[in-house]
Amino acid sequence: MRLTLPTEEEFGNFAAAFARRLRPGDVVALSGPVGAGKSAFVRAVVRELHGSDQSCSPSFTFRHRYEGDPPIEHIDFFRIDDPAELTELGLEEALDGHAVALIEWWRNAPEAIPAQRYEIEIQGAGDQPRTITLREAQ
Ligand SMILES: Nc1ncnc2c1ncn2[C@@H]1O[C@H](COP(=O)(O)OP(=O)(O)O)[C@@H](O)[C@H]1O
Ligand SMILES: [Mg+2]
């Protein structure tokens, strides 16, 4: 499925509608260039499922867990050069099936995440409209 979202509000509404179908254990793999809106997408999911913006350090490096029902794991593979690092960083715990997990830059370690996942690619940056391609793998 592919759709174009001209405004940030429509982008957020799409993320919120998508969030409502997510269940614990679901994995969402996000791709797109810097500034596309991957983190904005995660924030919209958290807002929808937890009902509020949680105070979260915006500068986490690998993993941030938002406690709630369901818990939400926000993971970023941007700085991963070697998938072997992931075990140390707690990836298995993040993907243990209890939380909804959203992963930015997943192509840095595609074999480290479950094959069953949603893949969301975001195109566009800055003030451009965003195009979202959603694919359900497996
Ligand atoms: N139509 C739009 N859809 C999504 N984000 C938008 C839109 N227009 C502007 N933005 C802004 O683009 C930025 C995307 O940044 P971010 O989510 O950190 O990107 P990424 O995580 O992909 O690098 C946010 O500051 C967001 O407010
Ligand atoms: Mg980001």
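Reader: What should I know before I start?

Author: In this predicted model, local features need pLDDT of at least 70 and side-chain atom pairs pLDDT 80 or more, while totals for chains, interfaces and linings use all residues. Residues are numbered from 1 along each chain as written, chains are lettered from A and ligands numbered from 1 in the order written, and side-chain values use heavy atoms, leaving out hydrogens and water.

Reader: How many helices and strands are there in the protein?

Author: Helices (H or I, at least four residues) and strands (E, at least two) are DSSP runs, numbered from the N terminus. Here you can find four helices and seven strands. Their order from the N terminus is β-α-β-α-β-β-α-α-β-β-β.

Reader: Which residues are closest to ligand 1?

Author: Being near means having a heavy atom within 4 Å. Ligand 1 is surrounded by 14 residues, and Glu8, Gly35, Lys38, Ser39 and Ala40 are the closest. With three residues, α2 gives the most to this shell.

Reader: Which polar side-chain atom lies 2.7 Å from an oxygen atom of ligand 1?

Author: A polar contact is a pair of N or O atoms within 3.5 Å. The atom you want belongs to Lys38.

Reader: How much of ligand 1 does the protein bury?

Author: Accessible areas come from the Shrake-Rupley method with a 1.4 Å probe. Alone, ligand 1 exposes 580 Å², and the protein buries 75% of that.

Definitions and conventions: A polar contact is a pair of N or O atoms within 3.5 Å; within protein, one must be able to donate a hydrogen and the other to accept it, and residues adjacent in sequence count only if both atoms are side-chain atoms.
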